[in-house]
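Subject: Structure handover and notes

Dear colleague,

Here is the structure we talked about handing over, with my notes set out below it. Please read them with the model open beside you.

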Amino acid sequence: MWYFQFQRELLDGLARRSDCEFIYKHQKDQFWAEEGILRYLREKDYPNIRIETGKLAAYVGEADRVLLDYSSTGFFEAACLAVPVMALYESGLKVTRGMANIFRRSLQSFGSVEEALRKVSHFLDGPAGDYVVDLPLGGTNFAEVLEKARGDLFQGKPPVNSESEACAGKEAALRSDW
């Protein structure tokens, strides 16, 4: 129950950000969300939050930043594509030192909704480059594949750099169920 409450308050906080547009990415096969957070979002009908149900690849190119309410496959996909990304996780969960060192600012714990919203504001308002993960991939073949995928997704749009302005009419993707 706490997670549903957390999602509602997080979305309410994002809805107050009239300077940003958000994509709430939902995975179709997660039927439990239909009567929960999706119903809530549809009832609220926030003008700056839209619901999408396709694959991550269909939307990540639209997003200047990717925000996740927990680290999932979408977190790693965004990190591999060098998209500014931040995943929140409840402070009771343990993160290994190696993960913390690799993902640094992109992986943020929270103990309350207020703390999570503060961290989200820093993510949206701060330099985008601070949230691009430098993954130690090691192999050129994998990196070449990712670079091609990134080019296909962003369709020639230059990658976000640390001087980019935050939202200012741009879109960020919030997901719960990539």
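A contact, as the word is used here, means heavy atoms within 4.5 Å. On that basis, among contacts in the protein between residues at least 6 apart in sequence, 73% join residues at least 24 apart.

Some conventions come next. This is a predicted model, in which local features need pLDDT of at least 70 and side-chain atom pairs count only at pLDDT 80 or more, whereas totals for chains, interfaces and linings use all residues. Residues are numbered from 1 along each chain as its sequence is written, and side-chain values use heavy atoms, with hydrogens and water left out.

Overall architecture

The secondary structure comes to 6 helices and 6 strands, where helices (H or I, at least four residues) and strands (E, at least two) are DSSP runs numbered from the N terminus. Read from the N terminus on, the elements follow the order α-β-α-β-β-α-β-α-β-α-α-β. Of the 178 residues, 43% count as buried, buried meaning under 20% relative accessible area, exposed over 50%, and partly exposed in between (1.4 Å probe, protein chains only). The protein exposes about 9500 Å², of which carbon and sulfur atoms supply 53%; accessible areas come from the Shrake-Rupley method with a 1.4 Å probe, and for residues only the protein chains shown count as cover.

Helix H1 and the cores

Helix H1 has 14 residues and reaches 20 Å from its first C-alpha to its last, close to the 20 Å expected at 1.5 Å a residue, the expected span being 1.5 Å times one less than the number of residues. Within H1, the buried residues include Phe-6, Leu-10 and Leu-14, and also Gln-7 and Asp-12.

A nonpolar core is taken as a set of buried Ala, Val, Leu, Ile, Met, Phe, Trp, Tyr and Cys residues joined through side-chain atoms within 4.5 Å. The largest such core has 24 residues, and those with the most contacts inside it are Leu-14, Ile-49, Leu-88 and Val-120. Two or more residues of this core come from each of helix H1 (2-15), strand E1 (21-25), helix H2 (37-44), strand E4 (85-90) and helix H5 (113-125). Apart from this core lies another, of 16 residues, among them Val-60, Val-85, Tyr-89 and Leu-107. As for Leu-88, if its neighbours within four places in sequence are left aside, its contacts include Phe-6 and Leu-10, as well as Leu-68, Tyr-70, Phe-110, Ala-116 and Val-120.

Salt bridges

Side chains of opposite charge can pair when their charged atoms come close. With a salt bridge defined as a side-chain nitrogen of Lys or Arg within 4 Å of a carboxyl oxygen of Asp or Glu, the count comes to 6. Arg-17 pairs with Asp-19, the closest N and O atoms being 2.9 Å apart; Arg-17 is buried, with a relative accessible area of 13%, whereas Asp-19, at 33%, counts as partly exposed. Arg-17, Asp-19 and Asp-125 are linked in a network of salt bridges.

Glu-52 forms a salt bridge with Arg-50, with the closest N and O atoms 2.7 Å apart, and Arg-50 is partly exposed at 28% relative accessible area. In the salt bridge between Arg-105 and Asp-130, the closest N and O atoms are 2.8 Å apart. This pair links distant parts of the chain, since Arg-105 sits in the loop between helix H4 (97-103) and strand E5 (107-110) and Asp-130 in the loop between H5 and helix H6 (140-154), 25 residues apart. Both partners count as partly exposed, Arg-105 at 39% relative accessibility and Asp-130 at 33%.

Ala-82 is placed in the loop between helix H3 (73-80) and E4 and counts as partly exposed, at 24% relative accessibility. Arg-104 lies in the loop between H4 and E5 and is exposed, with a relative accessible area of 52%. Leaving aside neighbours within four places in sequence, Arg-104 is in contact with Met-99 and Val-132, while its C-alpha atom is separated by 9.6 Å from that of Met-86, 18 residues apart along the chain.

With best regards
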